[in-house]
Amino acid sequence: MRRTDTVEERSVRNAIILAAGEGKRMKSAIPKVLHPLLGRTLLGHVLAAAEPFLEHGTVTVVVGHGGDLVREHLAQVAPEARPVTQEERRGTGHAVRIALDANLELSGTVVVLNGDIPLLRAETLAALVHTHEHTGASATVLTAEVGDPTGLGRIVRNRGGEFSAIVEDRDATPEQRAIREINSGAYVFEAAALREMLGKLSSDNDQGEEYLTDVIGMLAAAGAPIVAHRAPDATETLGANDRAELAGLRALMRDRINGDWMRAGVAIVDPATTWIDVTVTLERDAVIEPNTHLRGATSVGEGAVVGPDTSLIDVVVGPGAAVVRTHAVSSQIGPQASVGPFAYLRPGSQLGRKAKIGTFVETKAATLGEGAKVPHLSYVGDATIGEHTNIGAASVFVNYDGVRKQRSVIGAHARTGADNMFVAPVTVGDGAYTAAGSVIIKDVPPGALGVSRAQQRNIEGWVQRKRAGTAAAEAAEAALAREQSHAGAGEVAETGPADEQ
Ligand code: UD1
Ligand code: CA
């Protein structure tokens, strides 16, 4: 049972990821391994941990329950991985056998990972493989010492402390149940040894399944060298069986990610309410205020302040920008730009340097040049706004005629009045103004004032006549009476000294 492969063969590393289980206790239409956890699915995290080894090897993912969904996901996140279907879930040993049967040429070192251990670090897996290859073991298993081992396979050692077997919780004796060293579900095998023992597995256990873990016990019994490699951080080995446990893993992952960023120079004001996907990048001196969610391909530049109460999904935040109480998706916020409070940036919003999107403003496919501002209560959809232009409060870019969406363009250094409607497609030239309350349906040339509204006329005494006896009528009469008496006083004052100044 000694290793006989050459160095070259050993450098070919293969991984098998077991992902055919349903995860019944999740009570979900989605297979367990596809549930999300801060930027990746559970399976995505496992693939990411295995990725560094697999560039020159093979990745086989055993799929079964919800196999079509899992295949689809793999095509997106790891197209080089090869899915193999396990028609009937007959245990982890059976699953590995199916993977090996689909890879008859597979030799050398084989990493086997349960698909539901998302906190496993790439470095830990690297150390596991390194240990395996440098001890010449037939099998190396990642173990951990945990406070509550309930439900997990226990590492049983002989009197000399050497590995002897893995016993599942439900098959364990009371003494074995007291063992707190558990099997994480991450292993490295010698392909030939694994293949040989998988052929001898029985399903003579409480679940009637073929246990992968029995392969290791059988190898040990045959005198093959087995190494139990203790994980430095037991939380890395945790799995989730239901949504409450998944939330527990998510909190651990959150703490890990936040801790890494804080050590890298990012200020996280309230780590307990800050949720950052593993895919996000942050620069030093960025400040993340409480209750902030940074997701997907989001990045935050140096010294930018994000939050509180902000969600950014695939958003690039430039250095020195401020984003307060905002929900933003697939957008770019330029250096020193300012967004919110209470802003909604929809996909395709692009803010130049020092641009501003203010309070109760929604944007979509909108480009703002350097220093351009939309400070209050507006909708900017399908629009380009030139640099240093100010859009008056409560303006709407009317981009949809019921059939088509069209763009409008406002030039540079323009000043548009409050409560404008820009009916697309329309262009306002550089340096142009528009009057408050205007509906702009025709282009406004550079430097022109665009006005479009009816002349105001006042119908004197209308309220007193039509709404006689109301509080409004009484207030109006009182005001008019005051005006008259002031006018009288004014006539006197006209001759007074104040008027000579
Ligand atoms: C397994 C280990 C246990 C270990 C624990 C760590 C066995 C027998 N037991 O138990 O020692 O402490 O993981 O979390 O391996 N799967 C398949 N096909 C199957 C059965 C399972 O692909 O027929 C996949 C599952 O989708 C899952 C993984 O294998 O990703 C582990 O299966 P699971 O049923 O969760 O095993 P545990 O009972 O947790
Ligand atoms: Ca499990």
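Biologist: How do the residues of the lining of the second largest pocket divide into nonpolar, polar and charged?

Modeller: In this predicted model, the lining of the second largest pocket divides into 9 nonpolar, 1 polar and 5 charged residues. The pocket itself has a volume of about 320 Å³, and of its 15 lining residues those closest to the centre are Arg40, Arg121, Met253, Arg256 and Val278. Met253 and Val278 belong to the nonpolar class and the arginines to the charged class, because Met and Val are counted as nonpolar and Arg as charged.

Biologist: What is the volume of the largest pocket, and which residues are the closest to its centre?

Modeller: The largest pocket holds about 1600 Å³ of space, and of the 48 residues that line it, Arg25, Lys32, Asn114, Asp116 and Asn241 are the closest to its centre. By class its lining has 15 nonpolar, 21 polar and 12 charged residues. Strand S10 gives the most, with 5 residues, and strand S1 (13–19), H4, S10 (181–190) and H9 each supply at least two.

Biologist: Why is the contact of Arg97 with Glu210 called a salt bridge?

Modeller: The closest N and O atoms of Arg97 and Glu210 are 2.7 Å apart, and because the cut-off is 4 Å between a side-chain nitrogen of Lys or Arg and a carboxyl oxygen of Asp or Glu, the pair qualifies. It links distant parts of the chain, since Arg97 is in helix H4 (residues 92–101) and Glu210 in the loop between helix H7 (191–198) and helix H8 (212–221), 113 residues apart.

Biologist: How do you know whether Glu210 is buried or exposed?

Modeller: Glu210 has a relative accessible area of 8%, and because buried means under 20%, Glu210 is buried. Arg97, by contrast, is partly exposed at 23%, because that value falls between the 20% and 50% limits.

Biologist: What makes Asp233 and Arg121 a pair that links distant parts of the chain?

Modeller: Asp233 forms a salt bridge with Arg121, their closest N and O atoms being 3.3 Å apart. Asp233 is in the loop between strand S11 (226–230) and helix H9 (243–263), whereas Arg121 is in the loop between strand S6 (109–114) and helix H5 (122–135), 112 residues apart. Asp233 counts as partly exposed at 26% relative accessibility, and Arg121 is partly exposed too, at 22%.

Biologist: Why is the pair of Arg284 and Glu302 said to tie parts together?

Modeller: Arg284 forms a salt bridge with Glu302, with the closest N and O atoms 3.4 Å apart. Arg284 lies in the loop between strand S14 (281–282) and strand S15 (287–288), and Glu302 in the loop between strand S17 (299–300) and strand S18 (305–306), so the pair ties together parts that are 18 residues apart in sequence. Glu302 is partly exposed, with a relative accessible area of 37%.

Biologist: Which residues do salt bridges that share partners join into one network, and how many salt bridges does the structure hold?

Modeller: Glu145, Arg157, Glu181 and Arg230 are joined into one network by salt bridges that share partners, and the structure holds 18 salt bridges.

Conventions:
Residues are numbered from 1 along each chain as its sequence is written. Chains are lettered from A and ligands numbered from 1 in the order in which they are written. This is a predicted model: local features need pLDDT of at least 70, side-chain atom pairs count only at pLDDT 80 or more; totals for chains, interfaces and linings use all residues. Side-chain values use heavy atoms; hydrogens and water are left out. Helices (H or I, at least four residues) and strands (E, at least two) are DSSP runs, numbered from the N terminus. Buried means under 20% relative accessible area, exposed over 50%, partly exposed in between (1.4 Å probe, protein chains only). On a 1 Å grid over the protein atoms alone, a cavity is a set of points where a 1.4 Å probe fits but cannot get out, and a pocket is an open set with protein on both sides within 12 Å along at least five of seven lines; lining residues have an atom within 4 Å of a point. Grid points are joined across faces, edges and corners, and a volume is the space filled by probe spheres set on the points.
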